[in-house]
Amino acid sequence: MEFNLDQLPAVRAGHWSDYALGVVEMMAESGIGLRGANLLVSGDVPQGAGLSSSASIEVAVGYALLDLAEQPID
């Protein structure tokens, strides 16, 4: 999925990428200066680790965008 940080989609796609978009929206609303990025998400969270697939995508995207924005990760 591709979207413009200055004009985030108003309608959800009904796709897993909506989770990443939600992270972007929350970070933007928090005043974090986001930069454009091409992200490839891959993972191997083991079953029973206590983290859902949607949450793991959100965490990965959040960490990546915070790092690119040179923001501390709390």
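Which helix holds the place of Tyr63? Tyr63 sits in helix H2, which covers residues 53–68. The legends below take a few close-up views of this predicted model.

**View 1. Helix H1 and its buried residues.** Helix H1 runs over residues 17–29, a stretch of 13 residues. From its first C-alpha to its last, H1 reaches 19 Å, close to the 18 Å expected at 1.5 Å a residue. Its buried residues are Ser17, Asp18, Ala20, Leu21, Val23, Val24, Glu25 and Met27. These buried residues of H1 pack against H2. As a handy reminder, an α-helix has 3.6 residues a turn, so residues three or four places apart point the same way.

**View 2. A nonpolar patch on the surface.** Five side chains to pick out here are Val45, Leu51, Val59, Tyr63 and Ile73, which form the patch. Together they have about 420 Å² of accessible area.

**View 3. Glu70 in the segment after H2.** Phi of Glu70 is near 55°, a positive value in a residue other than glycine. For context, most residues other than glycine have a negative phi. Glu70 counts as exposed because its relative accessibility is 62%, and the cut-off for that class is over 50%.

Technical notes:
Residues are numbered from 1 along each chain as its sequence is written. This is a predicted model: local features need pLDDT of at least 70, side-chain atom pairs count only at pLDDT 80 or more; totals for chains, interfaces and linings use all residues. Side-chain values use heavy atoms; hydrogens and water are left out. Patches are made of residues with over 30% relative accessible area and no salt bridge: like charges are joined within 9 Å, nonpolar side chains (Val, Leu, Ile, Met, Phe, Trp, Tyr) within 5 Å. Accessible areas come from the Shrake-Rupley method with a 1.4 Å probe; for residues, only the protein chains shown count as cover. A salt bridge is a side-chain nitrogen of Lys or Arg within 4 Å of a carboxyl oxygen of Asp or Glu. Helices (H or I, at least four residues) and strands (E, at least two) are DSSP runs, numbered from the N terminus. Buried means under 20% relative accessible area, exposed over 50%, partly exposed in between (1.4 Å probe, protein chains only). The expected span of a helix is 1.5 Å times one less than its number of residues. Contact means heavy atoms within 4.5 Å.
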